[in-house]
Amino acid sequence: LDPLPPSYFVRVISDRWLHSECVLPISFNNMILPPKFPPPTELLDLQPLPPTALGEPALVKLYKFTEFNPIQTQTFHELFKTDRNVLVCAASGSGKTTCAE
């Protein structure tokens, strides 16, 4: 006998009908998986941007530091110059809140 393909069995039981039960095998032989996620963006070795890159004196006054950190510098154009959605993931204390502002 050939070995059975790997599969899961889903058991459906009604909580309202007596003896109402069904077992469904789910095979993964012909499963189409989504493409793998691309690797995360590497942190580039860029020159830090000063807050004056914002272009608005009122916005520049919000920041007490002299330059954005590497994560803020790398995400600056996408966050400030475009209307596209962006997901910024980084460690705690890496400046994500400043990116959101």
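Buried here means under 20% relative accessible area, exposed means over 50%, and partly exposed is what falls in between (1.4 Å probe, protein chains only).

A word on the model: it is predicted, so local features need pLDDT of at least 70 and side-chain atom pairs count only at pLDDT 80 or more, while totals for chains, interfaces and linings use all residues. Residues are numbered from 1 along each chain as its sequence is written, and side-chain values use heavy atoms, with hydrogens and water left out.

**The aromatic residues**

Let's stay with F68. Rings of Phe, Tyr and Trp (its six-membered ring) pair if their centres lie within 6.5 Å; planes under 30 degrees apart count as stacked, over 60 as edge-to-face and the rest as tilted. Searching the whole structure that way turns up five aromatic pairs. In one of them, Y63 and F68 sit with ring centres 5.8 Å apart and planes at 70°, so they meet edge-to-face. Y63 is buried too, at 13% relative accessibility. F76 and F80 make a stacked pair, with 5.3 Å from centre to centre and 25° between the planes. Both of these belong to helix α2, four residues apart, or about one turn of the helix. (Helices are DSSP runs of H or I with at least four residues, strands are runs of E with at least two, and both are numbered from the N terminus.) F76 is buried, with a relative accessible area of 11%, whereas F80 is partly exposed at 36%. Put together, Y63, F65, F68, F76 and F80 form one aromatic cluster.

At 9% relative accessibility, T73 counts as buried. What does the side chain of T73 reach at 3.3 Å? The backbone nitrogen of L49. That is a polar contact, meaning a pair of N or O atoms within 3.5 Å; within protein, one must be able to donate a hydrogen and the other to accept it, and residues adjacent in sequence count only if both atoms are side-chain atoms. Leaving aside neighbours within four places in sequence, T73 is in contact (heavy atoms within 4.5 Å) with L46, Q47, P48, L49 and F68.

**Salt bridges**

Side chains of opposite charge can pair when their charged atoms come close. A salt bridge is a side-chain nitrogen of Lys or Arg within 4 Å of a carboxyl oxygen of Asp or Glu, and the whole structure has two of them.

| Pair | N to O distance |
|---|---|
| R11 and E21 | 2.4 Å |
| R84 and E78 | 2.8 Å |

R11 lies in strand β1 (residues 7-13) and E21 in strand β2 (residues 21-27), so this pair ties together parts that are 10 residues apart in sequence. R11 is exposed at 54% relative accessibility, and E21 is partly exposed at 48%.

**Cysteines**

How many disulfides are there? With a disulfide taken as a pair of cysteine sulfur atoms within 2.5 Å, the count is zero. The sulfur of C89 has its closest cysteine sulfur in C99, 11 Å away, which is too far for a bond. C89 is exposed, at 66% relative accessibility, but C99 is buried at 16%.
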